[in-house]
Amino acid sequence: MLRYAIIRILWLIPILICVTFIVFTLVDFAPGTVVDLMITPSMTPEQIDELKAEYDLDKPMIYRYGKYMYNLVTKGDLGTSQMSKEPVAFAFFSRMWYSVSLSFSGLILGVIIAIPLGILAAKVAGTIWDNLITAFTLIGLSMPGFWLSLMLLRWFTFKIKLLPSGYDGTWQCYVIPTVAAGLTLSSIVCRQTRSAILEVSKQDYLRTARAKGVPERQVTIRHKLRNAWIPIITQLGGLVAGSLAGNAVIEQIFTWPGTGRLLVTAINQRDEMMTCGLVILTATMFSIVLLIVDIVYALVDPRIKSAYVRSKKRKKKGAAAA
Amino acid sequence: MNETLKNNTAAAEVDTRETVLEVKDLVVQYVLKEATVEAVNDISFSLKEGEAIGLVGETGAGKTTTALAILNLVPDPPGVIQQGSISVCGNDMLNLDVKELQKIRGKDIAMIFQDPMTSLNPVLVVGEQIAESVRLHEDVTASQAFDRAIEMLELVGIPGARAHDYPHQFSGGMKQRVVIAIALACNPKILIADEPTTALDVTIQAQVLSMMNDLKEKFNTALVMITHDLGVVAKMCDKVAVMYAGRIIESGTLEDVYNTTLHPYTEGLFNSLPRINNKGSELKPIPGMMPDPTRLPKGCAFAERCKYATERCFEERPASRYVNETHTVACLRYDEPDFHIEGVED
C-alpha cells in the first residue's frame with residue numbers, strides 16, 4: 001500500500017515536467033507579454049528593450065523554461081510573480097483556504113442533496129418520481145454554473161438584497177457560490193448514485209439479508225449503499241480534485257480571493273512565473289486528492305485492499321484466486 | 001427411549017408433533033408485460049417439527065419460487081402470489097404486515113440460498129453477517145451477537161477467528177457453511193435449503209450435507225430440502241414431493257416414492273440417474289423439455305414426454321389422488337385399475 005502510494009507520488013515528476021513545459025509554451029504563444037502592461041507612452045524603445053531584457057523576454061522561451069526549472073529543482077523556488085513581485089508559493093498558500101472552503105461547502109451541499117436523492121431515485125426507478133428526479137438532475141447538469149451564479153446574484157443580491165455579491169468575510173457570502181457549485185455537482189453524483197444502487201439492487205446477498213429479517217431501510221443503507229460506494233467515490237474524487245484545483249469561473253464571478261482567480265489574473269497578465277508555479281501546485285494537489293481517493297477505495301472495499309496486499313505477498317495469490 | 005422413538009419410521013409414528021409449516025393451494029405467477037409465467041400451480045404440503053421434506057424436480061419446476069413464497073419474498077414485481085395460504089408456526093405469512101414478517105424471517109424460518117458465491121455481502125465481514133441476524137431477533141448487545149456469530153462459525157466447522165474475514169477470503173464450501181451459519185443463527189424452527197450443495201464439489205457436498213443433518217437433529221429443525229439430486233433426498237429427508245411444471249405430481253414418504261414409484265415422471269427421473277454398478281449401460285434421459293411456463297398445456301403438463309400418455313392425458317388435467325395414507329400421485333392413467341408403470345430399473 002505504502003509502496004503503491006510512493007510510486008504514485010513519483011509519477012508526479014514526469015507529469016509536472018510535461019505540464020510546466022506546456023504552460024510555458026502556451027503563455028509564450030499567447031499574444032502579448034508581461035511587460036505590455038508596464039509600458040508607458042513616455043518610454044523610449046531602448047527603455048522598453050531594457051525592460052524586456054529584465055524578464056529575459058529577449059531570449060527564447062526554452063531559456064526561460066530552463067531557468068525556471070533550474071531554480072525549482074535546485075532551490076525549490078516556485079518563482080516570483082513578475083507583476084506583483086509576490087513569491088508564488090506565498091500567494092498560493094495565503095489564498096488556498098478561500099478556495100478550499102468554497103470547494104468543500106459546495107461538495108458537502110452537493111453530497112447532502114445527491115446521495116439521498118439518488119437512493120430515492122433508485123427506489124422509485126421507472127416511476128414518475130424517478131423521471132422528475134432525472135429531469136431535475138438534467139437541469140442541474142445542463143445549466144452552466146456561471147449562468148446559475150448570475151441568476152442567483154440577480155435575484156438574491158440585486159432584487160431582494162439578501163446576500164452579498166462577493167467575498168466579504170461573512171458566512172452569507174458563501175451561500176450563492178456554494179449553491180452554484182453544489183447544484184452541478186449534486187446532479188452528477190445523484191445520477192451516479194442512482195445507477196450504482198440499481199446495479200447492486202439485483203444482487204443475491206440482498207435476498208439473504210431480507211431472509212434474515214433485515215428491515216428494508218437497513219438493507220438499503222448497510223447492504224446496498226456500502227456496495228455502491230465505489231463508483232460514487234470515483235466520481236466524487238474527480239469532482240473534489242477538480243473543484244480544489246479551482247472553481248476559476250465561480251471565483252471570478254464572485255470576486256473570490258482564491259487560487260482560481262489568482263490563476264486567471266496571472267494568465268491575463270501573461271505572468272509566466274505565477275502561472276507556471278500555480279499550475280504546479282494545483283496539479284500536485286489534484287494528484288494527491290486522487291491518491292487519497294484510491295486509498296479510500298481500499299477502506300471501503302475489502303476486495304481492493306486485499307489486491308494491494310496480494311501484490312506484496314505473492315504466495316497468497318493462489319488462495320485469493322480460489 | 002427417546003432415541004428409539006425418533007428412529008421409528010415416519011409412517012409408523014403416532015404423530016404428536018406440531019405442524020410448523022403448512023402450504024395450501026399455493027399459486028405464484030410472474031406477471032410480465034408479454035406473458036404470465038405460471039411458476040407454481042396449486043401446490044400443498046405440510047411439515048411437522050423436526051421433519052424433512054425434499055422438493056425434487058428439474059430446473060424451472062417452481063421449487064425456488066415455492067421457497068421464496070414461504071418467506072413471502074417472491075420478487076414483486078413481477079412475482080404475484082395469486083392464491084393459497086402459507087402458515088409458518090401458526091402465522092399467516094401472506095397476510096402479515098412487513099414488520100411482523102421481518103420478525104418471523106430469520107427467527108422462525110430461515111433459508112439457505114443456492115449460490116454461496118453471491119449470497120454473502122462482499123463488503124461485510126462474515127461474523128457481522130451472522131451477528132446481524134442475532135441482533136435483529138434477540139435482545140443482545142452488538143458484542144454478544146458477535147460472540148454468538150463466532151460460536152455459529154465453529155458449529156459449522158470454521159475457526160472462530162475467521163469471523164473477521166471477508167467472504168472473498170473463503171473457499172466456496174466455506175462460504176456455504178457461512179450461509180448455513182447465518183440461517184441457523186437464531187435456531188429457526190424451519191429451515192429451507194435451496195440446492196445447498198449444487199455449487200459445491202462432490203466431496204464438499206458430502207461434508208456439508210452431513211453437517212446439516214447433524215445440526216437438524218441437534219436443533220430439531222424442520223427442513224425443506226430443495227434439490228434435483230435424488231440421492232441427497234434419500235439421505236436427508238423423511239418425505240418427498242416431486243414437482244413438475246409448478247405442480248406436485250407425486251408425494252409421499254421416502255419408501256412410498258422410492259420403492260413404489262407411481263408417476264411416469266418420477267420413474268423417468270430415477271431411470272435417468274447414471275448407474276455406477278453398470279458402467280456399460282447408456283444414460284436414459286427423459287425425452288423432450290419441460291413445457292414453456294408461459295404456455296402450459298391444458299392437459300397433463302408431462303403428457304408430451306410421457307410414454308404412457310393417452311389422448312385423455314392431453315385434454316384433462318390430472319388431480320392428485322391418495323393411493324395410501326401418505327402417498328399421492330397425479331396421473332390420469334391410474335383411473336384404469338390395472339395400470340402400472342414399467343418400474344424403475346435396477
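Modeller: In this predicted model, B:V88 has B:N91 of β5(B) as its bridge partner. The strands concerned are β4 of chain B, residues 79–88, and β5(B); they run antiparallel and are joined by two bridges. Both belong to an open sheet of four strands in chain B, ordered β2-β1-β4-β5 with antiparallel pairing. Its edge strands are β2 (36–48) and β5 (91–92) of chain B, each of which pairs on one side only. Helix α2 of chain B, residues 63–70, lies across β1 (19–31), β2 and β4 of that chain, and the helix runs at about 115° to β1(B).

Elsewhere in chain B, a backbone feature may be noted. Most residues other than glycine have a negative phi. B:A245, however, has a positive phi, near 50°. This alanine is found in the loop between β9 (239–244) and β10 (247–253) of chain B. With a relative accessible area of 6%, under the 20% limit, B:A245 counts as buried. A:D56 is found in the loop between α3 (45–54) and α4 (61–75) of chain A, and it is buried, its relative accessible area being 10%.

The cysteines come next. A disulfide is a covalent bond between the sulfur atoms of two cysteines. Over all chains, the structure holds zero disulfides. For B:C313, the closest cysteine sulfur is that of B:C331, at 6.0 Å; because a disulfide requires the two sulfur atoms to be within 2.5 Å, this is too far for a bond. B:C313 is buried, with a relative accessible area of 6%. A:C173 also counts as buried, at 2% relative accessibility.

Finally, there is a helix pair in chain A. Helix α10 (residues 216–244) and helix α13 (residues 272–300) of chain A pack at an angle of about 170°, their axes lying 9 Å apart. Because the angle is over 145 degrees, α10(A) is roughly antiparallel to α13(A). On the α10(A) side, the residues making the contact include A:R226, A:W229, A:I230 and A:L244. On the α13(A) side, they include A:M285, A:F286, A:Y297 and A:V300. By class, the residues of the contact of α10(A) with α13(A) comprise 14 nonpolar, four polar and one charged.

Conventions. Residues are numbered from 1 along each chain as its sequence is written. Chains are lettered from A and ligands numbered from 1 in the order in which they are written. This is a predicted model: local features need pLDDT of at least 70, side-chain atom pairs count only at pLDDT 80 or more; totals for chains, interfaces and linings use all residues. Side-chain values use heavy atoms; hydrogens and water are left out. Axes are lines fitted to C-alpha atoms, for helices over the stretch in contact, and angles run from 0 to 180 degrees between N-to-C directions. Angles under 35 degrees count as roughly parallel, over 145 as roughly antiparallel, 65 to 115 as roughly perpendicular and the rest as oblique. Contact means heavy atoms within 4.5 Å. Ala, Val, Leu, Ile, Met, Phe, Trp, Tyr, Cys and Pro count as nonpolar, Asp, Glu, Lys and Arg as charged, and the others, Gly among them, as polar. Buried means under 20% relative accessible area, exposed over 50%, partly exposed in between (1.4 Å probe, protein chains only). Two strands pair if DSSP finds at least two bridges between them.
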